[in-house]
Amino acid sequence: ERFEKVTSAFETAIIGFFRGSKAEDAWYPRFRAVARELRGHALFGAIFGSREPREFGIDRDAAPSLGPDEDSTRPLVLLFKPREDRHVEFTGDLTLDKLTRFSRVLSLPLLSAYSFESRQK
């Protein structure tokens, strides 16, 4: 319930599920750098200690989808759209540029309201 309240506070929430502790996880500094870059654009959260997404009501395994050459210690990173009741896994290289692009592109609404008054002239 608390997880749902936190993720629904913004239009977009990006949560990283990290295997180690905050101090020992090598991926966390990259994730934190993106969170700082996108402050105010999306809510970022980090969950440590190999906790399962299912513990938070997310029907998903904690293991990220990995390609053959990817590091198995990579965290699972999910982008949540609470108002659309969906989440998407980030599968690209965990770099500032790629995670920023992922966040900005997927944070756009799938549908937007259109009316005669709101159309652009």
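Mentor: What follows goes from the overall layout to the aromatic residues and then to the strands and helix beside them.

Trainee: What should I keep in mind about the model?
Mentor: This is a predicted model, in which local features need pLDDT of at least 70 and side-chain atom pairs count only at pLDDT 80 or more, while totals for chains, interfaces and linings use all residues. Residues are numbered from 1 along each chain as its sequence is written, and side-chain values use heavy atoms, with hydrogens and water left out.

Trainee: OK, how many helices and strands does the protein have?
Mentor: There are three helices and four strands, counting DSSP runs numbered from the N terminus (helices are H or I with at least four residues, strands are E with at least two). Along the sequence they come in the pattern α-β-α-β-β-β-α.

Trainee: And what share of the residues is buried?
Mentor: Of the 121 residues, 36% are buried, where buried means under 20% relative accessible area, exposed over 50% and partly exposed in between, with a 1.4 Å probe and protein chains only.

Trainee: Switching topic, how many aromatic pairs are there?
Mentor: A search of the whole structure gives six aromatic pairs; rings of Phe, Tyr and Trp (its six-membered ring) pair if their centres lie within 6.5 Å, and planes under 30 degrees apart count as stacked, over 60 as edge-to-face and the rest as tilted. One of them joins phenylalanine 18 and phenylalanine 48, a stacked pair with 5.4 Å centre to centre and 25° between the planes.

Trainee: Where in the chain do those two sit?
Mentor: Phenylalanine 18 lies in the loop between strand 1 (13–17) and helix 2 (28–37), and phenylalanine 48 in the loop between strand 2 (43–47) and strand 3 (76–81), so the pair links distant parts of the chain, 30 residues apart.

Trainee: Is each of them buried or partly exposed?
Mentor: Phenylalanine 18 is buried at 1% relative accessibility, whereas phenylalanine 48 is partly exposed at 22%.

Trainee: Which residues form the aromatic cluster?
Mentor: Phe18, Tyr28, Phe31, Phe44 and Phe48 form one cluster.

Trainee: Then which residues of helix 2 are buried?
Mentor: They are Tyr28, Phe31, Val34 and Ala35. These residues lie on the same side of helix 2 because they cover an arc of only 125° around the axis, the arc being that of the directions from the helix axis to the C-beta atoms.

Trainee: And how do strand 1 and strand 2 pair?
Mentor: They pair in the parallel sense over five bridges, pairing here requiring that DSSP finds at least two bridges between the strands. Among the bridge partners, isoleucine 15 has glycine 45 in strand 2, and four of the five residues of strand 2 are buried.
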